[in-house]
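Good morning, and thank you for coming. Please look at the structure on the screen while I take you through several of its features.

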Amino acid sequence: MKKHPMLKYLKEEGPLGQRMPLIMCPGCGAGQVLNYTLHAVERVMNEDKIGKENFLFISGVGCSARLTSHYLNFDSAWTIHGRTLAIATGSLLANPAFKIIVFTGDGDTGSIGGNHFIHACRRNIDVTIVCINNGVYGMTGGQVAPTTPVGAITTTTPYGNIEEAFDLCKLAETAGASFVARWTTAHPHQVIKSITKGLRKKGTAFIEILSQCPVHSKSSPVAMLRELKENTIQISKKKESGEGKTLIGEFCDLDKPEWNESYQKLIDQFDHEEGKS
Amino acid sequence: MNKLWIDERYCKGCLICVDVCPTKAIKASKEINDWGYILPTEHDMNSCKACGLCELMCPDFAIAIEEVNG
């Protein structure tokens with residue numbers, strides 16, 4: 001029997017027995033994002049000849065957090081809510097050679113870990129942030145999140161949400177991230193390309209992936225994927241028929257000094273001066 | 001003719017694979033697995049080009065296409 005090509009990067013069996021199938025609900029976008037990320041990681045490993053031991057996956061709390069240490073056959077850490085980027089900064093200081101991938105959800109990035117997120121972008125630390133944005137707090141029962149669209153019905157907004165949604169890509173771009181992109185789970189090849197670019201980028205790469213939550217939206221995954229495709233438009237085609245649609249695409253791709261490199265430069269400068277005297 | 005492999009233990013019957021298949025080589029079956037989910041099955045595997053879109057978009061790592069030459 002032939003198995004899925006990405007299963008070789010997952011732990012099917014653990015010390016407590018069978019780990020798979022994934023804990024996600026049927027048709028959840030988080031599993032798809034894991035699939036795309038593994039494709040991107042495989043591409044980087046093969047093309048850049050980077051070993052498996054150089055990758056580190058970090059996640060916080062939420063639906064997206066279950067993707068790391070439970071299933072991945074890579075080094076991974078399942079950490080505290082919203083503080084994924086703080087822990088990523090520490091890991092990067094300990095070993096600057098790490099390629100760090102942070103799995104976060106919209107709550108983990110936009111609300112609970114909002115401050116850590118903007119300061120990680122400001123410092124431009126060398127991490128790749130994969131943010132799975134499903135627009136609700138899925139794990140706790142579908143409550144309203146900062147990224148819930150206006151008018152959306154959730155368990156805590158039964159008459160429709162009155163608050164404006166947070167645009168995480170704009171926030172990351174303004175805060176100073178090197179690479180910012182937004183795609184949906186219905187754009188697999190684009191997501192893989194962006195994550196590959198992000199992994200190769202020195203500096204913060206923020207990739208937001210709009211995802212479906214079929215359980216709390218009370219819809220079918222197939223219908224939701226179609227909706228995601230219909231309700232989004234690429235920035236290059238914005239002028240044609242972009243009214244009322246969410247923009248997707250790569251928003252910025254800059255070359256800026258990375259925090260760890262600048263720090264190392266400072267250390268080297270003092271070492272040099274000490275050597276002279 | 002390419003061969004379709006479905007891992008019955010992992011499939012959760014979301015049928016994204018059936019929807020994204022550009023050549024409609026697979027369809028939903030009447031079979032259910034141990035969890036009670038509907039499994040996809042072969043429909044017209046002659047038209048399968050092994051593009052890998054079903055493998056790529058599967059959230060549960062349950063589908064695989066084996067390329068058979070000739």
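I shall begin at the end of a helix: just after H4(A), Asn124(A) adopts a positive phi of about 60°. Please bear in mind throughout that this is a predicted model.

Thr196(A) has its place in helix H6, residues 188–200. Is Thr196(A) buried or exposed? Its relative accessible area is 4%, so Thr196(A) is buried, the cut-off for that class being under 20%. Leaving aside residues up to four places away in sequence, Thr196(A) touches Ala40(A), Arg43(A) and Val44(A).

Now to the backbone in the loops. The peptide bond that leads from Met20(A) to Pro21(A) is cis, and its omega is near 5°. Pro21(A) belongs to the loop between strand E2 (17–18) and helix H1 (29–48) of chain A. Lys49(A) is not a glycine, although its phi is positive, at about 55°. This residue sits in the loop between H1 and strand E3 (55–59) of chain A. Lys49(A) counts as exposed because its relative accessibility is 70%.

Leu15(B), a residue other than glycine, has a positive phi near 60°. Leu15(B) is located in the loop between E1 and H1 of chain B, and at 22% relative accessibility it counts as partly exposed.

I turn next to the contact between the two chains. How many residues does each chain bring to the contact? Chain A contributes 35 residues and chain B contributes 25 residues. The size of an interface is often expressed as the accessible area that is lost when the parts come together. Here, the area buried between chain B and chain A is about 2,300 Å², and carbon and sulfur atoms give 68% of that area. Of the area that chain B buries against chain A, 33% is supplied by Tyr10(B), Leu56(B) and Phe61(B), more than by any other three residues.

There are also charged and polar pairs to consider. Between chain B and chain A there are 3 salt bridges. Asp19(B) forms a salt bridge with Arg226(A), and the closest N and O atoms are 2.4 Å apart. The residue pairs in polar contact between the chains number 11. On the side of chain B that touches chain A, at least two residues come from each of strand E1 (3–6), helix H1 (16–20), helix H2 (53–57) and strand E4 (63–66). The residues of that side comprise 18 nonpolar, 7 charged and no polar ones.

I shall close with one cysteine. Cys58(B) is in the loop between H2 and E4 of chain B, and its relative accessibility of 11% means that it counts as buried. Which residues does Cys58(B) touch, not counting those up to four places away in sequence? They are Gln32(A), Asn35(A) and Ile63(B). Finally, Cys58(B) and Val20(B) are 38 residues apart along the chain, and their C-alpha atoms are separated by 10.0 Å.

Methods: Residues are numbered from 1 along each chain as its sequence is written. Chains are lettered from A and ligands numbered from 1 in the order in which they are written. This is a predicted model: local features need pLDDT of at least 70, side-chain atom pairs count only at pLDDT 80 or more; totals for chains, interfaces and linings use all residues. Side-chain values use heavy atoms; hydrogens and water are left out. Contact means heavy atoms within 4.5 Å. Buried area is the accessible area (1.4 Å probe) that two parts lose on being put together, summed over both. A salt bridge is a side-chain nitrogen of Lys or Arg within 4 Å of a carboxyl oxygen of Asp or Glu. A polar contact is a pair of N or O atoms within 3.5 Å; within protein, one must be able to donate a hydrogen and the other to accept it, and residues adjacent in sequence count only if both atoms are side-chain atoms. Helices (H or I, at least four residues) and strands (E, at least two) are DSSP runs, numbered from the N terminus. Ala, Val, Leu, Ile, Met, Phe, Trp, Tyr, Cys and Pro count as nonpolar, Asp, Glu, Lys and Arg as charged, and the others, Gly among them, as polar. Buried means under 20% relative accessible area, exposed over 50%, partly exposed in between (1.4 Å probe, protein chains only).
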